Amino acid sequence: MKKIITLIFLFFNFLIYAQDFDFSSLSIPENLKEDANSVARFENFAIEIKSQREMIINYQTAITIFNDLGDKHSNLTIYYDKKRTINEVKATVYDSKGVIVKKIKKSDFKDYSAFDGISLFNDNRLIHYEHTPISYPYTIYYEYEINTSNTAFIPDWILNDSYSQSVKSAKFSIKYPPNISLFKSEENFKGFEINKTEKLGFLSYEIKDLPALKREPYTPALFDFLPTVKFGISKFNLEGVDGDALNWKEFGKWYYDNLIQNTLELPEVTKLKIKSMTANTSDPFEKAKIVYEYVQSKVRYISVQVGIGGFKPMFASDVDRLGYGDCKALTNYTAALLKEVGVASYHTLIFGGEKRSLNKSIASPQGNHMILYVPIANQEIWLECTSQKDPFAEIGSFTDDRDALVLSPDGGVIRHTKVYKTEENLQTTKGSYTIDSEGNITADVYIESTGTQYDDNLLGNEGKNQKELDIIFKKYLSNINNIKFSKIEVFNNKEAFKFEEKLAFTATNYGVINGTQLLIPMNAFNNGSEAPARIRDRKLPFEISMNFLDIDEVKIALPTQLKIEYIPEKVELNTKFGTYSIEVIKIDDYNYLFKRTLKIISGNYQKEEYEPYRNFRKEIAKHDNSKIILIK
Amino acid sequence: MKKILIAMVLTLMANEIIAQDYKYGKVSKEELEEKYYPLDSSANAAVLYKNRKTHFEYTQGQGFNVITEIHERIKIYNKEGFEWATKNIEYYNAPNTSEKIINLKAATYFIENEKVIETTLSKKEVFDEESNKYWSQQKFTMPNIKEGCVLEWTYKIISPIKRIEDLQFQYEIPVKKIDAKIEIPEYFVYNKSYKGYYPVSAKEEKKNSSITFTNKERSESQSLGSKAPYITTYTQSKVDYITKIDIYEVVNIPALIEEAYVNSIDNYKTTIQYEYSELHWPHEPIKYYANTWEDVTKTIYNDYDFKTELNQSSHYSDDLAVVLASSATESEKITRIFELVKNKIKWNKYNGITKFNGTKKAYKEGVGNVVDINLNLVSMLNKAGLKASPVILSTRSNGIPIFPTIDGFNYVIAAVEIENDLILLDATEEYSVPNVLPSRDLNWQGRIVRENGSSTWVNLIPTKLSETNSSMNIVFNDSGTIEGVKRTQYTNLNAFNYRDNYTKMKDDDVILKVEEENGKIEISDFRITNKSEIYKPIIEMFKFTSDDVLDKVGDKIYFKPLFFDAMTKNPFKLEKRDYPIDFGTPFIKENKVGIKIPMGYVVESVPENLAIGLSDNYGVYKFIIKIEADMINIYSTLQINTANFPSANYDEIKDFYKMIVNKNLEQIVLKKV
């Protein structure tokens, strides 16, 4: 009975707020309309942690939308699952004068399974409503309340998570009981006026009048430079399992003891098998490699996320029987096998994909992926157990260079994963081409990649059949028309840690005949680079996310029937973003050696540096298109 | 004699050894040991065998259910084929009626040390998921997959809604053998429609069938004071009927691989669809669902409420009167009614041939699906005295309907018949104009359904050329940069697409896009004319500079005559093509460039003129260059007169584009005096 009263009371609260507010779009200040497709008029985001096992999330917002580019903000999606119920949801649409156009009830929403694009099955669901506007501007107000037992996952406060939207006012508050401590990490507060209230059992933030930001190329993620707060609590519940942790050490121990410890058992047959497979070596590195390759040949990645299964690995014995599993299951299976052959390894929680570290200052379940950490002697080895193609100990750009949580029976430790130096991400192109007097080209190319460039080719090219490779390499060499390949071979050379590609082709009309002249674009095999777009009055910093080095050496044989009129000169560019050089070295009258290097250094740069970077890339694109000129 | 006998016995035995056993669980060693698909070594997986049986079963109290039994055997050759180890079985699952999947069995087989190892799928590895209110799916992935393994599954679908699942014969992997048998009692009539290139035909047979009913009758007891007031008697009766059988036996169907410029690959996968069209219940009038085009029309008008929806007019009559009062000609009437509907009802992005809000509610609330919108349009046009009718069609992503079926259609537009002309209208899009439909509508033919029940095909593909005409004037600066003005005019579908993409954006953002498309130029003084005057061509104008389009070598300057507008890459890269080429619309692209020869330079060489054509006047390309006083004038025009080309024309089109690209790459050379 008491519960019902609280609910009605809360509901009543909303109404008062919504009724008091002027929903007309006329009062929006001009500075919030600039570069904005929409304005968040207000956002009230309130979290109440009732106990270790109960959290109420309350969200209300009103967004005014100016044009159809802002319509996505009137598409409402709310997730739920067995542990997370939607108590209340409703929405109202107002026209520009603030008159109600439409009231939307929960029954107007459609219910779907929340397909994540990867999983065979997960038990998350969602409700969705898509509004069709009849005129602009309009304002959508919506509110919902969610009740969940998963107190381990307190939502972040991300101030403004979209471009082209300004914020009039945004409030966030969190209430928690006295027996629980709240951890928080405030990021990027500098330069913003944030009104903060903190007292026992309560914390709130408020910010006002935040202008819209326009998306610009090479911009880092919004939460990397706008105010964001992340939270954790000392006593939490995760899919029905209670937890208790004040720091990463304790959190890691809790995770290991509750979610990993009892999943490692293997069937006797498999134990014997892996022992006999590794019997011939006593070197732990060799043993680990044999185990990793065994796992690659035995299993494949299939994701099934149900309840605690979203956090706890499948039993190693089940993976053994089924031959599949998700990242946790496959990491766990590899760990179980390694344990059997006497090599210690550790489950590691991490963010996979775009470079993103765990937030070190809050001990809470973070990350979206699991890999395996194997320290052997002085080496730190990281294993990506979901890949059937990666060579042993290569993780590539999916999990490189970031902080991750390594779990063990002794507790958790934050470690930084492998950093690939620019020179390691190397692509060397060696080859030769012959041009006849009609401009037709006959070519042989050998490309070798290591580091993250290895990884790119592995994902894109390995295992593809000839028809697919034909399309892939016609795209790669799109600067050459009319290609006919006589050879395309790709080879994942795991032993030598490199990806190898061998091509042979002919193409008519590569050189352009101009009256009596023949123009030959000199850089035939690595010529796809384009300068980034020009941005007038750039406002945001930029990021070069990939560092790499390309080295090309190509022999050129020119048609002896023609005279050589022009050979491009040597070029060297040297900037803080990287270096570039090309040179054509004469071997004899009709034979030359073309040399090119391009090195790009990753990093975060100020907005003022964008134009110099763009000029650097423009120069490169220009010189890559230099032509040798022959004449009859 | 003996020899012959032995030989015969041997051959027979040999035959038996070769013959595959297609029973569930009887996977052969040959199948397990096969390293690659014999007819296509690039296949990652193959369907070794598929058996599909559909029949009707009568259950007293329920009536007929459609029972479909499926058995599939899949071979996985390599890791790239692993995705074929995951299966989704969709089934209808609405609140009141739902299909059931029963008897699901599945297993993985592979050979290890000469022994066949079998791993069976367990129940808990099968997931049941509600996709939406009406459809669910059962999903599973096979255990213990290895390169070279063979998978098998079998299950039954019981359908009270009498759905006969599509018979798909072609996949992205090759198929060795498919057997299918569809048995339908004479009471039910299904329309068969066929799509795809690979020929498949049914052997038709008939058989006698019967149902035994048990009838229960209760009558009041005649004897007074009896304990039981009613007496129940059982009688049995038998009904005989004929069952029609379609038998399909197909072998060696090649894989279908996706290629560029195909509207939807599903249009080309060989598939036979069965659509429920008539019910001939004994002693009852025939109930039609769909059959001939006249039936389709009738069904649409009656069962799909077109008639009711079209007859509602009170909600718009005032607005219509205003519009008509100021329209003098028929074409003015059409345009103004069209604009009224566009203005009044916004499209909620839903397709279909069933109303969403209904014409009246949609008009009042200002929101509707394609049916609500375009039926309002038809209704108003009729009220205004024009001869308007709905045209049903299938959008590009929905495939091409060929046979009279309702299920094949998912969209409705409006058509006005004036004299011998037909004007097509789709009011879902703000920027569409009469006879310029959005690309999604441009899928071959639609079917006009007139109220009098008559119906004919209507060509949806535009016949008018969509134009892009640009002219550019360029001068050279001393520093090796160029400066110029460009004006581009778009008409018809190109204008529609331009408006749809750009006019909502701020100019700065459009500039960014245009710069990105053209590369190498920097734009200023950007202007779009006729943004919202959609009955006029849209015009884009800007000034530009570029420091990256000239090559200065010694005392010479090299550049492409069309600069950044040159077509430098052939869009057709494949050696061979199996599917038609679909341009969407016939078009013309015209570029005029005027270049002022800089002081102190003379023309050393220019590319030669070119005029080439495709056969049957399907297309032409012209490139003309003239030097007049201190100007070089270039005129380049590419015209494609038909939207669709059969794959037989592929080589010709590829060569045609190759010549255009070669010409566009040739350079003008200027030399210092």
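Biologist: Helix 4 (residues 284-298) and helix 6 (residues 327-340) of chain A pack at about 140 degrees, axes 10 Å apart. Why is this pair called oblique?

Modeller: Angles run from 0 to 180 degrees between N-to-C directions, with axes fitted to C-alpha atoms, for helices over the stretch in contact. Under 35 degrees is roughly parallel, over 145 roughly antiparallel, 65 to 115 roughly perpendicular, and the rest oblique. The angle here is about 140 degrees, so helix 4 and helix 6 of chain A are oblique to each other.

By the way, this is a predicted model: local features need pLDDT of at least 70, side-chain atom pairs need 80 or more, while totals for chains, interfaces and linings use all residues. Residues count from 1 along each chain as its sequence is written, with chains lettered from A and ligands numbered from 1 in written order.

Biologist: What makes the contact of helix 4 with helix 6 of chain A?

Modeller: Contact takes C-beta atoms, placed from the backbone, within 7 Å. Helix 4 of chain A brings A:A288, A:V291, A:Y292 and A:V295, and helix 6 of chain A brings A:L330, A:Y333, A:T334, A:L337 and A:L338.

Biologist: How do you know that strand 24 (residues 482-490) and strand 26 (residues 538-546) of chain B pair?

Modeller: Pairing needs at least two DSSP bridges, and strand 24 and strand 26 of chain B have 9, in the antiparallel sense. B:G484, for one, stands opposite B:F544 in strand 26.

Biologist: What makes strand 25 (522-529) and strand 32 (610-613) of chain B edge strands?

Modeller: The open sheet's order is 25-26-24-23-30-34-33-32 in chain B. Strand 25 and strand 32 each have a single partner strand, so one side of each lacks a neighbour in the sheet.

Terms used:
Helix = DSSP H or I, 4+ residues; strand = E, 2+ residues; numbered from the N terminus. Contact = placed C-beta atoms within 7 Å.
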